Amino acid sequence: MYEFINIHKNTYLMESPAKTGLYISEGKDAYVIDTGIDKDAAKKIERFIKEKEAELKVIINTHSHADHCGGNSYLQEKTGCLIYSSDLEASIIRNPVLEPALLYGGSPYKEIMNKFLMAKPSKAKDISEAKLPEGFEYMGLPGHYFAQIGVRTPDDVWFIADSLMGKRVTEKYSFSFMYDVKAQLETLEKLENLKGEWFVPSHAEATKDIGDLIIFNRENLLKDIELVFSLLKEEKSIEDLVKEVFDMADSKINHTQYVLTTTTIKSFLTYLLQEERIAATFKGNRLLFISK
Ligand SMILES: [Zn+2]
């Protein structure tokens, strides 16, 4: 863990719970893609760049989840590097309280203001303003989060963030976090046509061919949505659904899992409402959902 591997030409990845990407230019400028969860991850990145006698110039964050931008503030304070992401994700990176606030849907409480759900703030800008070396490219991969992006290094290595999850991650958690199902299904289609030498999902092995992983992610997402749909033969509240999902997995809920799963279930319900497969009603002043 936390070792850098040369993946292709001047592009590296750091094996860690959320993989970091690194590109070192001929002129020894270092470009980092995602910085891990905290200062410790950032220090590993700093050390490797030093070993390579390179200088950190730019961090690109694929999205604003804390496990992808948690090392930003340490690295920016040490080096003064520039940080970029899509405009919307950059605004959350600058104001990280928005992550637990969004997950909770109100002013967040202490137990969800942890390093897994709230990074330290850093000065991130809109990537459309960035001057990146020739060969760098980025594309929108929304779905998992608002305006997630994938980044291609000049060596034709695509860092595709959380657009595709590995089997191990999806087995560990009851649901893989999802913000916008429709956008994710479109992103999966986009990925089917994406050309590249290597692909690096943040939470799965680097691969030259993402075909199987795309199929797995689509099937898994639709399976999870069908599971929620099947629970709606009777009227259920969001809290009922969260409880049932955890009971079925025989796992004990905690604050972090509660907000992540509740948000994902709400996103599934929105998708099922868009598809006109369920209805939302109020009964006894409770918001309830039921299949049509
Ligand atoms: Zn994420």
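How many bridges join β2 to strand β3 (residues 20-24)? There are 4 bridges between β2 and β3, and the two strands run antiparallel. Please keep in mind as you browse that this is a predicted model.

- β1 and β2 make up a hairpin with 2 residues between them, and Lys 9 in the turn shows a positive phi of about 50 degrees.
- The hairpin from β2 to β3 passes through 5 residues.
- Strand β2 (residues 11-14) is covered on both faces: Thr 11 and Leu 13 are buried on one side, while Tyr 12 and Met 14 are buried on the other.

**The open sheet, β8 to β11**

- Here 4 strands form an open sheet, with mixed pairing and the order β8-β9-β10-β11.
- β8 (137-140) and β11 (198-201) are the edge strands; each has a single partner strand, so one side of each has no neighbour in the sheet.
- Ignoring direction, neighbouring strands of this sheet are turned by 20 degrees against each other on average.
- β10 and β11 pair in the parallel sense, over 4 bridges.
- If you want a residue pair to look up there, Phe 159 has Val 200 in β11 as its bridge partner.

**The zinc site**

- The zinc ion has four protein donors: His 63 through NE2, His 65 through ND1, His 144 through NE2 and Asp 162 through OD, lying 2.1 to 2.2 Å from the ion.
- Angles among the 4 donor atoms run from 89 to 173 degrees, and the site is irregular.
- Along the sequence, the donor residues follow the spacing H-x1-H-x78-H-x17-D.
- His 63 sits in the loop between β5 (55-60) and α2 (66-69), and Asp 162 in the loop between β10 (157-161) and α6 (167-172), so this pair ties together parts 99 residues apart in sequence.
- His 63 counts as buried because its relative accessibility is 0%, and Asp 162 also counts as buried, at 5%.

How values were computed: Residues numbered from 1 in each chain as written. Predicted model: local features only at pLDDT ≥ 70, side-chain atom pairs only at ≥ 80, totals over all residues. Heavy atoms only, no water. Donors = N, O, S within 2.8 Å, 3.2 Å for Na, K, Ca; no water. Tetrahedral: all angles 85-135°; square planar, octahedral: opposite > 155°, others 65-115°. Buried < 20%, exposed > 50% of the residue type's maximum accessible area, 1.4 Å probe, protein only. Pairing = 2+ DSSP bridges. Axes fitted to C-alpha atoms, helices over the stretch in contact; angles between N-to-C directions.
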